[in-house]
Amino acid sequence: MASEELAQKLQRRLQLEESGAEGDGGAAPAPAPAPSAGEEERGSLTGSAGAELSAKLARRHDINEGAAQPRLAAVFNPYTEFKEFSRRQIKDMERMFRLYDSGRDGYIDLMELKLMMEKLGAPQTHLGLKNMIKEVDEDFDGKLSFREFLLIFHKAAAGELEEDSGLLTLAKLSEIDVSIEGVKGAKNFFEAKVQALSSASKFEAEIKAEQDERKREEEERKHRRAAFRELKSAFTQ
C-alpha cells in the first residue's frame, strides 16, 4: 500500500541519517556553521511536521494491519462544538443518526450509509460510499461517528462540499429540499430552513389568531342570545 511504502521510506531515511551521523572510522566530523535564527525556526517546523506525518503514517499502517489501538475519545459536546446549529437541529440530526445506526454501536458503517442513501432516494456506488465516509472520517476507522455525521452538515452549511459530493446530497435531502425553497448553493440551504420554519411559525400564528377570533365571536353570540332570552322573559311575565 502507498501509505505503508511511504512509512518504510521514511524509516529508511532515518536509518541512513543515523548511520551517516556516526562518521567514518570514528573520526570527529567537521563542526557545522551555527544556524541562523530563521534556519533554526525552519528546522524546528520541518522536524515537527515530519514527526506528525510519521505518526499519521504509522497510525494509518496500524489501522490497515488491524493493529491500531483505540484512541481515548475526548468528551464531545455537540452543542458547544457546533454552535451554528440550534439545539432542535442537532436533536433532529441525532434522531436521524440513531435511525440509521441499526447496529446500535454509535457508528454508521458503510452498509448503514448505503441503506440511508437508498432511503433518501439517492443510492450510491460502493466507491461513492467509501469516498463519502473518507471526506469526514477523521480517525480513519472507515465509519461515521455522530461527530463526523455532524461534520457533514457543518461542511454543507459552510459551502465546503462540492456540488457533486454525495455528502452534499445527503445534507440537502435530509434537511431541506433547496429546489422547493428556491435556494441556489449549499451556503444558503440552512438559511432557507430557518426561513421555512419562520414561515411555518407565521402560518401557525395566523391559524391560531383565526381560531381565537372565532371563539370571541361565538362568545359574543352566546351573550347576545342570553340577553335576548332575559329581555323576552321580562316582557312575558
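Guide: Contact here means heavy atoms within 4.5 Å. The model is a predicted one.

Visitor: OK, then what is S174 in contact with, leaving aside its neighbours within four places in sequence?

Guide: With those neighbours set aside, S174 touches M96, L120 and F153.

Visitor: And where does S174 sit?

Guide: S174 belongs to helix α8, which covers residues 166-175.

Visitor: Which backbone oxygen does the side chain of S174 reach at 2.7 Å?

Guide: That of L170. A polar atom of the S174 side chain also lies 3.4 Å from the backbone oxygen of A171.

Visitor: You mentioned F153. Which aromatic cluster is F153 in?

Guide: F153 forms one cluster with F76, F82, F85, F97, F146 and F149. The structure holds 6 aromatic pairs.

Visitor: Switching to helix α5. Which residues are buried there?

Guide: Helix α5 spans residues 110-119, and its buried residues are L110, E112, L113, M116 and M117. Viewed down the helix axis, the buried residues of α5 fall within an arc of 160 degrees, so they line one face of the helix.

Visitor: What caps the N-terminal end of α5?

Guide: D109 is the cap, with a side-chain oxygen 3.2 Å from the backbone nitrogen of M111.

Visitor: And just after α5, what does G121 do?

Guide: G121 takes a positive phi of about 85 degrees.

Visitor: Salt bridges next. How many does the structure hold?

Guide: The count is 11. One of them joins the side chains of R95 and D92, at 2.3 Å from N to O.

Visitor: How are R95 and D92 placed in helix α4?

Guide: Helix α4 covers residues 87-100, and because R95 and D92 are 3 residues apart in it, about one helical turn separates them. An α-helix has 3.6 residues a turn, so residues three or four places apart point the same way.

Visitor: R95, buried or exposed?

Guide: R95 is exposed, at 53% relative accessible area.

Visitor: Which helix holds E218 and R221?

Guide: Both lie in α10, residues 189-236, where they are 3 residues apart, about one turn of the helix.

Visitor: How accessible is E218? And R221?

Guide: E218 counts as partly exposed at 30% relative accessibility. R221 is partly exposed too, with a relative accessible area of 34%.

Visitor: What network of salt bridges includes E138?

Guide: E138 is linked with E81 and R147 in a network of salt bridges. Between E138 and R147, the closest N and O atoms are 2.5 Å apart.

Visitor: What relative accessible area does E138 have? And R147?

Guide: E138 is partly exposed, with 46%. R147 also counts as partly exposed, at 24% relative accessibility.

Definitions and conventions:
Residues numbered from 1 in each chain as written. Predicted model: local features only at pLDDT ≥ 70, side-chain atom pairs only at ≥ 80, totals over all residues. Heavy atoms only, no water. Buried < 20%, exposed > 50% of the residue type's maximum accessible area, 1.4 Å probe, protein only. Helix = DSSP H or I, 4+ residues; strand = E, 2+ residues; numbered from the N terminus. Arc of directions from axis to C-beta. Polar contact = N/O pair within 3.5 Å; in protein donor to acceptor, adjacent residues only side chain to side chain. Phe/Tyr/Trp six-rings, centres within 6.5 Å; stacked < 30°, edge-to-face > 60°. Salt bridge = Lys/Arg side-chain N within 4 Å of Asp/Glu carboxyl O.
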